[in-house]
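Let's take a walk through this structure and see which side chains meet. Have the sequence and the 3D view ready.

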Amino acid sequence: MTQIEFAVSAQGLKKSYKNISVLEGVDFQVKPGSIFALLGSNGAGKTTIVKILTTLVKQDSGNVTVNGFDVLSNPGNVRQSISLTGQFAAVDEILTGRENLIMIARLRHLDNTHQVADDLLRRFGLIDAADRRASTYSGGMRRRLDIAMSLVGKPQLIFLDEPTNGLDPEARIEVWKIVKELADSGTTVFLTTQYLEEAEQLADRIAILHKGKIIVSGTLAELKTLFPPVKVEYIEKQPTLEEIFLAIIGKKKEK
C-alpha cells in the first residue's frame, strides 16, 4: 500500500447551518500514526469537523481528504478506513461485552469473530467481565468497550470525540493509556477535547479552534514559545486535587 503524506488534510473548510457560520476556512493536516488534538470550547465547531471528516455531514466548501480519499467523491473508502467513537458510549447495554464485539465483527464481515472479540477483551482488560451485560459496566469500562468496538477490523484512523467526557480521574487515565498504545501500534488518532491536560499528555500536535477558525497549531513546545518567558519563583509545589484523589485511592487499593 502506498504511504500517504497525511492521514487527514483539510484546506479552506467551511460550513454553515441556517446562515449561521460554524467553520470559516479551516486548514490543518494530521500525519499518519500520530495523535492530533483539536481543542475548543463548546460550540467552537469541533464536532462539526469530526462529522465532516467521517462523511456524516458535507462541507459547504473546501478540500478534505482522509487516508488519501476525498470525503465527497469517495465516502465509502473513507468509512472503510476509519472508526468513530462519539462523546457517549455506543454500546448495546442488553448485550454482554463479548456479544457487542462479536456483533461489530460480523457487521464488518470478519472471519473468526469470537477470536477477534477475545483478543480485544484481553487487550482492554475486560476479559473477566466479558460475559456480563454492558449495563453492569462502570463508565470507564463502558468507554473501554466502546473504543474496543471501534478497533474491530483494525482501522487506520480512529476519531475520538471527547472520549473522557464525564469520566472520573482513574477512568480518564485508563483511556489516556489506551490512546497512547493505539498510536504506538501505528493507528492515527484524531482527538477532540475540552481538557487542556488531556491534549498536553497525549498529543503530538495540537490545534486550537475558536469561533470557527484554527487560531494556532503546532507541537506543545511550539505553542509554549508563543507566550512570554515565565518569571521564575521558588515556591513549594502543592499537589493538585487529582493527585490527592489518585494517591488516596491507590493506598486503599493496596490495603
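## Salt bridges

Start with Arg143 and Asp146, whose side chains meet in a salt bridge at 2.9 Å, N to O. A salt bridge here is a side-chain nitrogen of Lys or Arg within 4 Å of a carboxyl oxygen of Asp or Glu. Side chains of opposite charge can pair when their charged atoms come close. Arg143 and Asp146 both sit in helix 5 (residues 139-150), three residues apart, about one turn of the helix. Helices (H or I, at least four residues) and strands (E, at least two) are DSSP runs, numbered from the N terminus. Both Arg143 and Asp146 are buried, where buried means under 20% relative accessible area, exposed over 50%, and partly exposed in between (1.4 Å probe, protein chains only).

A quick word on what you're looking at: this is a predicted model, where local features need pLDDT of at least 70 and side-chain atom pairs count only at pLDDT 80 or more, while totals for chains, interfaces and linings use all residues. Residues are numbered from 1 along each chain as its sequence is written, and side-chain values use heavy atoms, with hydrogens and water left out.

How many salt bridges does a search of the whole structure find? The search finds nine. One of them joins Asp60 to Lys15, with the closest N and O atoms 3.7 Å apart. That pair links distant parts of the chain: Asp60 is in the loop between helix 1 (46-53) and strand 4 (61-66), Lys15 is in strand 1, and they are 45 residues apart. Asp60 is partly exposed because its relative accessible area is 47%, whereas Lys15, at 11%, is buried.

Glu222 and Arg205 form another salt bridge, at 3.8 Å from N to O. This pair also links distant parts of the chain, with Glu222 in helix 8 (residues 220-224) and Arg205 in strand 9 (residues 205-210), 17 residues apart. Glu222 has 41% relative accessibility, so it counts as partly exposed. Arg205 is partly exposed too, at 32%. There's also a network of salt bridges, which links Arg98, Asp118 and Asp131.

## Rings that pair up

Now for the aromatic rings. Rings of Phe, Tyr and Trp (its six-membered ring) pair if their centres lie within 6.5 Å; planes under 30 degrees apart count as stacked, over 60 as edge-to-face and the rest as tilted. The count comes to four aromatic pairs. Phe28 and Phe36 are stacked because their ring centres are 5.4 Å apart and their planes are at 20°. Both Phe28 and Phe36 are buried.

Phe159 and Phe190 make a tilted pair, 5.3 Å centre to centre with 50° between the planes. Phe159 lies in strand 7 (residues 157-161) and Phe190 in strand 8 (residues 188-193), so this pair ties together parts that are 31 residues apart in sequence. Phe159 and Phe190 are buried as well.

Is Leu23 buried or exposed? Leu23 counts as buried because its relative accessibility is 1%. You'll find Leu23 in strand 2 (residues 20-30). Leaving out residues up to four places away in sequence, Leu23 touches several others, including Leu13, Ile49 and Gly212; contact means heavy atoms within 4.5 Å.

Ser9 is in strand 1 (residues 8-17), and it's buried, with a relative accessible area of 14%.
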